[in-house]
Amino acid sequence: MRFTRNGVIAVSKPKVFEKPTGVKDYLPHAVAKLRRIERDVLECMRRWGYEQILTPTLEYYDTVGVASATSDQKLFKLLNHRGTTIVLRSEMTSPIARVVSSLLKDQPLPLRLSYHANVFRAFEEEAGRDAEFFQTGVELVGEPSPEADAEVIALAIASLRAAGVPSFKVAVGHVGFLNGLFQEALPGRTEEQESLKSFLLQRDHVGYRDALRRLTLDDSVREELEGILRLRGGEEVCRQALRLGSSEDAKSAIRQLCEVWDVLAAYGVQEHVLIDLTMIGDFSYYTGITFEGYASHLGFPVCSGGRYDNLLSQFGRPAPATGFALKTTRILEVAESEADEEGGRTLIVYAHDQRREALVEAERLRAEGLQVVTEALDPASPEWAALRARAARVETFAHRGREYDSLLVYGIGEGERA
Amino acid sequence: MTESGALKVAMPKGRIYKQASKLFREAGLPIPEDFDDSRRLIIPVPEANMEFIMAKPVDVPTYVEYGVADIGIVGKDVLMEENKDVYELLDLAIAKCRMSVIGLPGWKPVIHPRVATKYPNVASQYFRERGQQVEVIKLNGSIELAPLIGLADRIVDMVETGQTLKENGLVEMETLFSVTSRLIANRVSYRLKNGAIQELCDRLGRKIAAVQG
């Protein structure tokens with residue numbers, strides 16, 4: 001891409017080092033940290049009985065693409081040789097729903113599955129617009145109980161801990177509460193309900209209050225609906241919410257939330273949990289408890305999840321389900337522990353006459369778990385002399401831009417080894 | 001985004017700052033009226049447990065979206081144009097004006113309508129939703145010039161009193177929406193600094209309600 005004289009961006013052949021907008025290379029130190037997070041989080045999930053699965057990068061638009069919670073314009077679409085629309089997976093929940101309903105359809109429920117995968121989004125308009133990023137998460141399929149909701153939230157908290165996120169909170173809400181409340185306050189007025197929800201979904205509280213003022217409503221109802229914007233905090237929020245209105249749906253949502261709260265107390269993780277009834281997930285996708293995790297020092301959520309009891313039926317195996325995804329690429333920014341201390345990096349240089357001995361020793365050290373780099377060197381070169389002198393000392397040193405902890409020299413003269 | 005510590009506030013420099021700081025003071029927050037050294041970009045206000053980040057108004061939503069500021073004050077015009085993922089918490093009812101379509105008196109439809117504006121997203125959406133095809137031209141200032149010299153037949157711009165329009169012989173044709181300043185919050189701060197943000201909202205909200213009666 002280049003800028004022409006009148007400021008228009010002209011598409012020209014990219015320079016050799018360019019890559020498409022929104023994708024990233026990860027260099028060794030970042031990969032080491034990413035792998036450490038991935039390993040520790042997946043291990044944490046394994047200990048909770050979740051088994052890891054892999055699904056393909058490509059899926060059909062008409063199946064997984066349509067079922068996914070990602071809005072249509074954010075899906076990466078392409079055509080295959082037959083002209084069928086293919087999508088790059090935008091999240092892992094729909095592919096897993098497809099597998100649970102097909103390959104695993106004879107496996108009894110509940111199923112506990114985990115994943116770590118790269119996912120793709122086109123034209124991401126949110127800040128930090130990555131077109132490809134990593135997610136690590138779980139799906140718990142076949143359990144409708146608040147126990148299951150709480151299990152997934154508690155596992156999200158354990159996973160954030162395992163990832164090394166130093167300080168975080170998880171806000172928990174329930175889509176049934178607002179649905180019930182709106183249904184009661186505006187019976188049959190679907191359009192008005194939708195418009196109020198869309199203001200909340202866009203986080204536009206000013207627009208929401210203005211819309212309430214324009215509606216014909218009893219003052220008490222209006223006050224109640226305005227009051228939900230304040231329903232954030234701890235357990236007391238549930239008690240406040242129970243007093244609002246008399247909708248049975250809303251009350252049943254709050255009772256579920258209270259029960260999840262109690263289970264989380266039994267897990268001993270309440271200090272990380274906030275109740276937030278203003279937290280709106282996508283109404284068309286989530287069907288119950290929803291939650292989102294926030295880390296200090298990061299402006300974007302680090303995980304999100306919730307109950308989606310309608311998705312599996314789209315793949316022909318109706319079942320309740322809940323799950324979450326960690327936004328692993330963002331966690332990389334805030335996770336505290338660095339990559340594992342590598343240590344044990346050994347350089348073996350050898351002259352041709354001792355090649356066999358050098359390579360046998362390298363293999364032996366590798367079998368012990370050390371990192372070993374070998375290099376053939378001419379004993380007549382000045383480098384050989386410098387390394388020979390170095391071999392007597394025990395300290396880290398650099399050779400050709402890499403750090404090593406120890407050095408072995410094989411060549412001329414017997415036993416010339418450090 | 002620490003859970004304790006000063007609230008980071010992205011404040012728009014210039015006209016809106018004066019009105020916003022007045023509102024804050026009236027709501028009982030000890031905020032200085034103006035700062036002697038206007039070149040300072042980060043200004044601690046320990047009396048109110050805040051830190052002001054002095055920003056160009058159009059950049060305020062960006063600072064808040066990325067979370068480098070917890071909350072911010074910004075005009076609805078900028079929010080509509082920038083379309084950032086932030087909470088819009090409160091209408092501060094200051095810096096009142098409106099977004100309007102403006103043209104020369106006796107405007108008649110032309111074959112290739114052109115609209116000059118500082119708000120290309122807002123203008124494009126407005127005309128698109130009405131099924132009108134117009135070419136939107138982005139300008140960065142002196143928008144009123146465009147119809148006078150024939151660059152565009154209409155403009156979309158903010159109108160406060162209408163004085164500038166009158167002086168340039170232009171008329172307001174349609175109003176898109178009315179504009180006031182808004183209090184916005186980052187998605188994470190809104191939860192992790194809930195207490196401080198809610199208290200600020202309540203204080204400002206009471207003051208605004210009292211003024212509006």
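Among contacts in chain B between residues at least 6 apart in sequence, what share join residues at least 24 apart? Hold that thought for a moment while I set things up.

What we have here is a predicted model, so local features need pLDDT of at least 70 and side-chain atom pairs count only at pLDDT 80 or more, while totals for chains, interfaces and linings use all residues. Residues are numbered from 1 along each chain as its sequence is written, and chains are lettered from A, with ligands numbered from 1, in the order in which they are written.

Okay, back to the question. The share is 68%, where a contact means two C-beta atoms, placed from the backbone, within 7 Å.

Let's stay with chain B. Its secondary structure is eight helices and 11 strands; those are DSSP runs, H or I of at least four residues for helices and E of at least two for strands, numbered from the N terminus. The C-alpha atoms fill a box of roughly 60 × 35 × 30 Å along the principal axes. Of the 213 residues in chain B, 38% are buried, meaning that 20 or more other C-beta atoms lie within 10 Å of the residue's own, with C-beta atoms placed from the backbone.

Now the domains, with bounds from an automatic or database assignment. In chain B, domain 1 is 7-95 + 180-212, and domain 2 is 97-178. Their C-alpha centres lie 29 Å apart. Where these two domains of chain B touch, five residues come from domain 1 and six residues from domain 2.

On to the two chains together. Chain B puts 20 residues into the contact and chain A puts in 18 residues. On the chain B side, α2 (60-66), β5 (87-91) and α7 (189-192) each give two or more residues, and β5(B) gives the most, with five residues.

Last stop, the cores. A nonpolar core is a set of buried Ala, Val, Leu, Ile, Met, Phe, Trp, Tyr and Cys residues joined through C-beta atoms within 7 Å. The largest one has 87 residues, and those touching the most other members include Ile153(A), Leu160(A) and Val302(A). Helix α4 of chain A, residues 146-163, gives the most to this core, with 11 residues. Take Ile153(A): leaving aside neighbours within four places in sequence, Ile153(A) is in contact with Val170(A), Val172(A), Leu264(A) and Phe291(A). There's also a second, separate core of 35 residues, with Val45(B), Ile73(B), Ala185(B) and Leu204(B) among them.

Key: A residue is buried if 20 or more other C-beta atoms lie within 10 Å of its own, exposed if 12 or fewer, and partly exposed in between; C-beta atoms are placed from the backbone.
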